[in-house]
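Trainee: Before I use any of the labels on this model, I would like to know what each one rests on. Can we go through them in turn?

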Amino acid sequence: MAMPIRIEAIEAILVDLPTIRPHRLSMTTMRIQTLVIVRLRCLDGVEGLGEATTIGGLSYGAESPEAIKSAIDDYLAPLLIEHPVDSVRALRALMRNAVRGNGFARSALETAWLDAQGKRLGLPLSTLLGGALHQRLPVAWTLASGDTERDIAEAEQCLEQHRHRLFKLKIGSHDVADDVRHVSAIKQALGERAEVRVDVNQAWSEAQAVQGIRALEAAGVTLIEQPVDARLRDALARLSARFDVAVMADESVCDARDGFGLAAAHAADVFALKLPKAGGPLATLELAAIAEAAGIGLYGGTMLEGTIGTAASLHVFSTLERLEWGTELFGPRLLVEDIVSCGLDYAEFGVGVPTGPGLGVELDETQLARYRRR
Ligand code: MUC
Ligand code: MG
């Protein structure tokens, strides 16, 4: 009998890349993005890549880039090294049984395994997940410069260049009335040429949300993302029931269990899927299945990852029959530099799903050496 192929080495690398402009969210302003890149080497010489990237250190979630690296280096890598590579489900069960939480770290490792397996078999990651239903996906852009006129100019440029026509505005760091003025001005300037959505990143109380959503709905906004604290499920349900405009859960919904709870409580119209939140590609598809069963809309979210994490999301989202709200997989475009040798195919308001084996992207070693944290 042939000897099973085993995992030989795992490395987690912090990569600090500048953003093209300050990116202002309700909880932080980003000037750099820190990618956590995973290299998983197998004894047959195949290497898989994964990414576990969060937003603004500890301002979005409970795992910082440094903690993700430590979870991988100090706990998950010792668990997985010498483990056979034949079953991703076995690897996933091993990680889930030994490590609580830390979904970002587990997601990067599961992705790296799938990349390695795809390269080994000569198949794209989407094929390993059952097959792509879409070759290209629509991509929204986030306007978050903090300045209304600058956001309008940025949106106009996106429209002119056929880059994006879906815009998500980051609000919640000002008074509700100021945010409403900002969003309304942008929507008015763009008119029917663009769709405008907002992400509050949990910043509002329920009373503020009632006031804000009422005004934004009247201004023509089509989607309200995470208006209140992630744990306020009942408030989210009341807001979803009260307004016609679609309400989306992001921080409130990580994996299938969260999704089941929100669906049972009729708490949201749309779920934002993100691989790291769910704890990996397979867990993301489980959450999508809950949403589909409950008639909840789907959106392909981002943690503002670089090309590796974005490619992983593209493969996963390409296998979903319904993705009514499109995606926001623009992360690489927010970064000045990249660490892959060939970027993703952004054109005509969308992005192509890579077709090469595994993730279909290659590291640029020179760029990696230049930007990795020392
Ligand atoms: C979030 O909360 O959705 C997605 C786009 C963006 O600009 O920030 C993220 C995070
Ligand atoms: Mg969000």
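Trainee: What is the handedness of the crossing of H1 and H3?

Mentor: The crossing of H1 and H3 is right-handed. By definition a crossing is right-handed if the near helix is turned clockwise from the far one by less than a right angle, and left-handed if anticlockwise. Some ground rules: this is a predicted model, in which local features need pLDDT of at least 70 and side-chain atom pairs count only at pLDDT 80 or more, while totals for chains, interfaces and linings use all residues. Residues are numbered from 1 along each chain as its sequence is written, chains are lettered from A and ligands numbered from 1 in the order in which they are written, and side-chain values use heavy atoms, with hydrogens and water left out.

Trainee: Why is H1 called oblique to H3?

Mentor: The axes of helix H1 (residues 65–80) and helix H3 (residues 103–121) cross at roughly 55° and come within 9 Å. That angle makes H1 oblique to H3; angles under 35 degrees count as roughly parallel, over 145 as roughly antiparallel, 65 to 115 as roughly perpendicular and the rest as oblique. The axes are lines fitted to C-alpha atoms, for helices over the stretch in contact, and angles run from 0 to 180 degrees between N-to-C directions.

Trainee: Which residues of H1 and H3 make the contact?

Mentor: Ile68, Ala71, Ile72, Leu76 and Leu80 of H1 and Phe104, Ala105, Arg106 and Leu109 of H3, where contact means heavy atoms within 4.5 Å. They divide into eight nonpolar, no polar and one charged. Ala, Val, Leu, Ile, Met, Phe, Trp, Tyr, Cys and Pro count as nonpolar, Asp, Glu, Lys and Arg as charged, and the others, Gly among them, as polar.

Trainee: What makes H6 roughly parallel to H7?

Mentor: The axes of helix H6 (residues 176–190) and helix H7 (residues 206–219) cross at roughly 15° and come within 10 Å. That crossing angle makes H6 roughly parallel to H7. H7 and helix H8 (residues 233–242) pack at about 25°, with axes 11 Å apart, so H7 is roughly parallel to H8 as well.

Trainee: How do you know that E1 and E2 pair?

Mentor: Two strands pair if DSSP finds at least two bridges between them. E1 and strand E2 (residues 29–42) are joined by 13 bridges and run antiparallel. One bridge has leucine 14 with valine 36 in E2 as its partner.

Trainee: What makes E9 and E10 a pair?

Mentor: Strand E9 (residues 246–249) and strand E10 (residues 270–273) have two bridges, in the parallel sense. Methionine 248 has valine 270 of E10 as its bridge partner. Both strands belong to an open sheet of seven, in the order E5-E6-E7-E8-E9-E10-E11.

Trainee: Why are E5 and E11 called edge strands?

Mentor: Strand E5 (141–143) and strand E11 (297–300) each pair on one side only.

Trainee: Which residues coordinate the magnesium ion (ligand 2)?

Mentor: Asp199 (OD), Glu225 (OE) and Asp250 (OD), at 2.0 to 2.2 Å. Donors are N, O and S atoms within 2.8 Å of the metal (3.2 Å for Na, K and Ca), and water is not among the atoms, so sites may look incomplete. In sequence the donor residues are spaced D-x25-E-x24-D. Aspartate 199 lies in strand E7 (residues 195–199) and aspartate 250 in the loop between E9 and helix H9 (256–264), 51 residues apart.

Trainee: What do H and E stand on?

Mentor: Both are DSSP runs numbered from the N terminus: helices (H or I) of at least four residues and strands (E) of at least two.
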